[in-house]
Amino acid sequence: MTHPYRAAPRTSFWSRAISNGWTTADLITDVPFVRTGERVMTAGSCFAANLVPWLEAAGHTYLRTEPPHPAFPREDRFGYDRFTAAYGHIYTARQLLQLLRRASGRFAPTEDRWHLGDAVVDPFRPGLRYPARSDREFDALTRQHLAAVAAAFSQADVCIFTLGLTEAWLSTTDGAVFPACPGTVAGSFDPARHRFHNFSAREVAADLSAFVTDLRAINRRVRIILTVSPVPLVATARDTHVLVATTYSKCVLRVAAEETARAHPDVIYFPAYEIVTGPQAPGEYFEADRRSVSAAGIAAVMGAFLRGCEGPSASPAAPVPAPPDRATTTASCAVADAECEEAMADHPDLTR
């Protein structure tokens, strides 16, 4: 007898690919992810920060268009200055799309600043250590920042985006997406101006598709790699258990990433989520809080990713690279230790 499964590869069968002979090398497809000399930009949720030190330690070129001013100490809380540009964490596809459109001059949020005493705070970077001191200074700093973001999108050869959340807080005026609920990191919450929204798979896929189209309009050569963060929600604004909310969110993001990769050439999905959370994953891939991904989990993800890149770790048979030496590699190593705006929803000063 013959049937389609007879010709299927070993990786098509759970018993052969998971129960016996499991290896992350089997997940390396659509390679190379990054070629030698290509400029890489990253964006996304807190888990996305882990990519930076590993890429640099492996010798890849991490694109930086907005370095910190030498006159000021580095940001050490939310890590705005340690990404390609100082946009900080980008948790949702809508937030990423709006950032690109702001940098391209196609979107200007109505609620673009908060006046808090002598400070003028950026609602889209609410944790900046040094906010502007006047509207004039704020306008100049914002123009400079968005120019750096535009340069990042236009210069990148590879753009890696890690999807983190479906839950978001939006402006009721124009739908602008904030990185955190107003009032948690900065500002104040106003139910007349701010509303909760939980994106559907259709919405996320549409936002990702629009992002790909808009990005390709200004940078035809860029390749896009999508991943889903394995980190659970720190809190949910839905009337349900945080575990149920997390499962919904990650399922939506995974479906949207798959649909986007299928619909667009040179857009691929890398299974960081599956490596850490799949039933084959050892328990030590999470810390004791069952939310923070451990060094072992990060090493498993990055080992698989780097084996799919050009360079010394490209061979599937190569050993998992050692973690970057935080004492000797670039300052971006500290980005993974930076606090996430999302985490402020569970800050003891706000929830007790």
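In this predicted model, Phe124 has a relative accessible area of 11%, below the 20% limit, and is therefore classed as buried. Phe178 is likewise classed as buried, because its relative accessibility is 3%. A search of the whole structure returns nine aromatic pairs, and the rings of Phe124 and Phe178 form a stacked one, with 5.6 Å from centre to centre and 15 degrees between the planes. This pair links distant parts of the chain, given that Phe124 lies in the loop between β4 (119-121) and α4 (135-155) whereas Phe178 belongs to strand β7 (residues 177-178), 54 residues apart.

An edge-to-face arrangement is found for Trp169 and Phe189, so assigned because their planes stand at 85 degrees, with the ring centres 5.4 Å apart. Here too distant parts of the chain are linked, with Trp169 in strand β6 (residues 167-171) and Phe189 in the loop between β7 and β8 (194-198), 20 residues apart. Phe189 counts as partly exposed, at 39% relative accessibility. Elsewhere, ring pairs join Phe33, Phe270 and Phe305 into a cluster.

Turning to helix packing, helix α3 (residues 93-103) and helix α5 (residues 201-218) pack with their axes 8 Å apart and at an angle of about 25 degrees; angles under 35 degrees count as roughly parallel, and α3 and α5 are therefore described in that way. The crossing of α3 past α5 is left-handed. Residues of α3 that take part in the contact include Leu96, Leu97 and Leu100, and those of α5 include Val204, Leu208 and Phe211. By class, ten nonpolar and five charged residues, but no polar ones, make up the contact of α3 with α5.

Methods
Residues numbered from 1 in each chain as written. Predicted model: local features only at pLDDT ≥ 70, side-chain atom pairs only at ≥ 80, totals over all residues. Heavy atoms only, no water. Axes fitted to C-alpha atoms, helices over the stretch in contact; angles between N-to-C directions. Helix = DSSP H or I, 4+ residues; strand = E, 2+ residues; numbered from the N terminus. Parallel < 35°, antiparallel > 145°, perpendicular 65-115°, else oblique. Left-handed = near helix turned anticlockwise from the far one by under 90°. Contact = heavy atoms within 4.5 Å. Nonpolar A, V, L, I, M, F, W, Y, C, P; charged D, E, K, R; others polar. Phe/Tyr/Trp six-rings, centres within 6.5 Å; stacked < 30°, edge-to-face > 60°. Buried < 20%, exposed > 50% of the residue type's maximum accessible area, 1.4 Å probe, protein only.
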